[in-house]
Amino acid sequence: AEYISLKYSFPMWLTKMWLSEGYGEEFFAAMNEEPPVTVRLNTLLATSLGKDFEKSTATPYTYTYTGGGSVENTSCFKKGHIAVQDSASQIAVMALDVKEGMSVLDLCSAPGGKSAFIGQLLNNTGKLISCDIHEHKIELIKNNLSRLGVKNACVMQNDATVFNENFKDGFDRVLADVPCSGLGVLRRKPDIKWTKTQEDNNTLTKIQRSIIDNSALYVKRGGKLLYSTCTVNRDENEDNVKYFLEKHSDFNLVLQRQLLPDKDKTDGFFFAVFERT
């Protein structure tokens, strides 16, 4: 642990936790690599991208930006033809199996990347409600959805940890991309490892479980719930899946996946799909 901590510059508590969960030296090394700029083709406004974008096999919509300068200065970005979004997030949204005409709830939407992808998969049909607890983030979500041509979304302020009677049994698909430690995106935000503590994780787990408990009540029978985090910690991921299944007997686990930078060449990202029976 001391060797890994010093060589790859990770705090000791985090190094010990990840080693105990089975992550090896390749994982720590990958967490220090510079990530590619991954974008999603927005088929609401475009059908193809130019020479500065290389097709990826992650999803039918995933590309890597290979041009110079900031991708936000490209005409593709300014026209809303692309959204900057790691392939892991795209894979997770695809797993929700959204189809045109469905009703979809995104409970923790800001800044709106996953909501925009859902709107794209809905092809501006059906109903999309995008929520966030923070009032100042509502405009951010609206601006992102507007730039990307999403027209079927209702953006509203809502506390996902508090049950909302208006949402009960109302949606074919529910996305709970919960607040998390963010330790899966250290390639992009390396300072996180020095600002987080084990105590922070314990607090987050309580919030995450209250959100997924409420989320379960919003799913129609036969509908699906996607739980996701941008972290790799067992207590925020697999342990929460086990907790959910033990408490909600009317749900079955359809799919569970942990994406890793060393094995999948993505951000560290976890998702689980549940179906209400």
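Select Asp-97 to begin: this residue lies in the loop between H5 and E5, where helices (H or I, at least four residues) and strands (E, at least two) are DSSP runs numbered from the N terminus. Phi of Asp-97 is near 60°, a positive value in a residue other than glycine. With a relative accessible area of 27%, Asp-97 is partly exposed; buried means under 20% relative accessible area, exposed over 50%, and partly exposed in between (1.4 Å probe, protein chains only).

The model is predicted: local features need pLDDT of at least 70, side-chain atom pairs count only at pLDDT 80 or more, and totals for chains, interfaces and linings use all residues. Residues are numbered from 1 along each chain as its sequence is written, and side-chain values use heavy atoms, with hydrogens and water left out.

Most residues other than glycine have a negative phi, and most peptide bonds are trans.

Now display the bond from Ala-110 to Pro-111. This peptide bond is cis, with omega near 5°. Pro-111 is placed in the loop between strand E5 (103-106) and H6.

Of its 48 lining residues, the closest to the centre are Ala-110, Pro-111, Lys-114, Asp-177 and Lys-189. Elements giving two or more residues to this lining are strand E4 (82-84), helix H5 (87-95), helix H6 (113-122), helix H7 (138-147) and helix H9 (198-216). On a 1 Å grid over the protein atoms alone, a pocket is an open set of points where a 1.4 Å probe fits, with protein on both sides within 12 Å along at least five of seven lines; lining residues have an atom within 4 Å of a point. Grid points are joined across faces, edges and corners, and the volume is the space filled by probe spheres set on the points.

The second largest pocket has a volume of about 190 Å³. Of the 15 residues lining the second largest pocket, Ser-56, Ser-87, Asp-264, Lys-265 and Thr-266 are the closest to its centre. Strand E3 (62-65) and H5 each give two or more residues to that lining.

Select Thr-266 from this group, in the loop between strand E10 (251-259) and E11. Thr-266 is buried, with a relative accessible area of 3%. Leaving aside neighbours within four places in sequence, Thr-266 is in contact (heavy atoms within 4.5 Å) with residues including Asp-86, Ser-87, Arg-187 and Leu-259.

Of its 30 residues, Val-98, Val-104, Ile-118, Leu-122, Leu-226 and Phe-271 touch the most other members. H5, H6, H7 and strand E11 (269-276) each supply at least two residues of this core.

Finish at Cys-180 and Cys-230. What is the distance from the sulfur of Cys-230 to the closest cysteine sulfur, in Cys-180? The separation is 3.4 Å, too far for a bond, because a disulfide is a pair of cysteine sulfur atoms within 2.5 Å. Cys-180 is buried at 15% relative accessibility, and Cys-230 is partly exposed at 24%.

Note on methods: Core = buried A, V, L, I, M, F, W, Y, C linked by side-chain atoms within 4.5 Å.
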